[in-house]
Amino acid sequence: MSTAVDIRDAVKSYGSVTALHGVSLAIADNEFFTLLGPSGCGKTTLLRLIAGFETITSGEIRLFGQDIAGLEPNKRPVNTVFQAYALFPHMSVIDNVAFGLKMQGVDLSTRRARAGRMLEMVHLSQFADRLPAQLSGGQQQRVALARALAPAPKVLLLDEPLSALDLKLRQAMRVELKQLQEDTGITFIFVTHDQEEALTMSDRIAVMSNGRVQQIGTARDIYEAPVNRFVADFIGETNILQVDVESVSEGRATVTLPGGHRLTCPSATATPGRHALSIRPERVTIAPTGDLQATVERVVYLGTDLQVLTRLADNSPFTIRLQNAARTAIPAPGASLKLHLEEGAARLLAD
């Protein structure tokens, strides 16, 4: 598979402030790639460098092998969908979608036919003659997507386009966005701070913090095998315990948990001493005998499951999740529990 976007040692500075510190990543053609991280991590800055809205301080940005760092934004074969839809309020929906084609000099009949096909793709054909103000927020977002897709860019950049939508609509749009990407074959680069958006749509994810890429991988890679404490804590919910690594042999470490129980877990780099260990709440069960002793503090009803907040023997907070089923026994506050860790649940984290 060819590389659509190749970023090499990208640095972006604003005076004495460095927003990106030598970022390198390669995004494949026809990939849904997500830049994920908290506000201020550099993800939108990186997107703006690809779009040409910011100039790179040092490093390279290549699009299908071509160095585009010196190209003006309108000369780059990319389009951007912003958080604010930026539709033209005086134009009909179909004229909004056709606008980019008009700027390219495409004739009227061709651009209206192309715009019509884009509206079919986003299920808005019946609204072609309406003004944007006559549409819901979700419909306006679809128009913005159709407008960005109409000129058939090689790469589509999406800067938190779902953040203004309500929960149900965001969930529906995630499915539609992924389907659009697969149908068009265009490389999507999606920026978000929402972990669930990233996990549900992406072929691969780059987790960013403080202007650096912390980890790149599939949703499963990132969630199941975080490389450091930041990634483990930012992606989903996890318990992070301080444990003692006693020994490391053949890629596995023997660790001592709070309360004294020992277990082994994969580790290629850990050395004997104090380290952080990540355990996902859903990988823990209540059992007659277990790896950890815990006392229940609170049970939170979440609909699909139950969140049980506990304290371990060393007073560390520890959360478990139980499926909400008729057979599930709900522990009472103050109850003493034995917790069993599923095989492979524990992950040592890099310092």
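**Close-up views of a predicted model**

**View 1. β6 gives the largest pocket the largest share of its lining, four residues.** This is a predicted model, and here we look into its largest pocket, which holds about 710 Å³ of space. The lining numbers 27 residues, and those closest to the pocket centre are Val78, Asn79, Thr80, Gly100 and Pro151. Strand β6 (78-81) is joined by α2 (93-103) and α4, each of these elements supplying at least two lining residues. If you sort the lining by class, you will find 18 nonpolar, five polar and four charged residues.

**View 2. Helix α4 meets helix α5 in a right-handed crossing.** The axes of α4 (residues 137-149) and α5 (residues 167-184) come within 12 Å and cross at roughly 15°. Because angles under 35 degrees count as roughly parallel, α4 is roughly parallel to α5. On the α4 side, Gly138, Gln141, Arg142, Leu145 and Leu149 make the contact, and α5 answers with Leu169, Met173, Glu176, Leu177, Leu180 and Thr184. By class, this contact has six nonpolar, three polar and two charged residues.

**View 3. One cavity of 30 Å³ or more is found in the structure.** Which residues line the largest cavity? They are Tyr223, Glu224, Pro226, Ser278, Arg280, Arg283, Gly344, Ala345 and Arg347. The space inside the largest cavity comes to about 50 Å³.

Notes:
Residues numbered from 1 in each chain as written. Predicted model: local features only at pLDDT ≥ 70, side-chain atom pairs only at ≥ 80, totals over all residues. Heavy atoms only, no water. 1 Å grid on protein atoms, 1.4 Å probe; cavity = no way out; pocket = protein on both sides within 12 Å on 5 of 7 lines; lining within 4 Å. Points joined across faces, edges and corners; volume = space filled by probe spheres on them. Axes fitted to C-alpha atoms, helices over the stretch in contact; angles between N-to-C directions. Parallel < 35°, antiparallel > 145°, perpendicular 65-115°, else oblique. Left-handed = near helix turned anticlockwise from the far one by under 90°. Contact = heavy atoms within 4.5 Å. Nonpolar A, V, L, I, M, F, W, Y, C, P; charged D, E, K, R; others polar.
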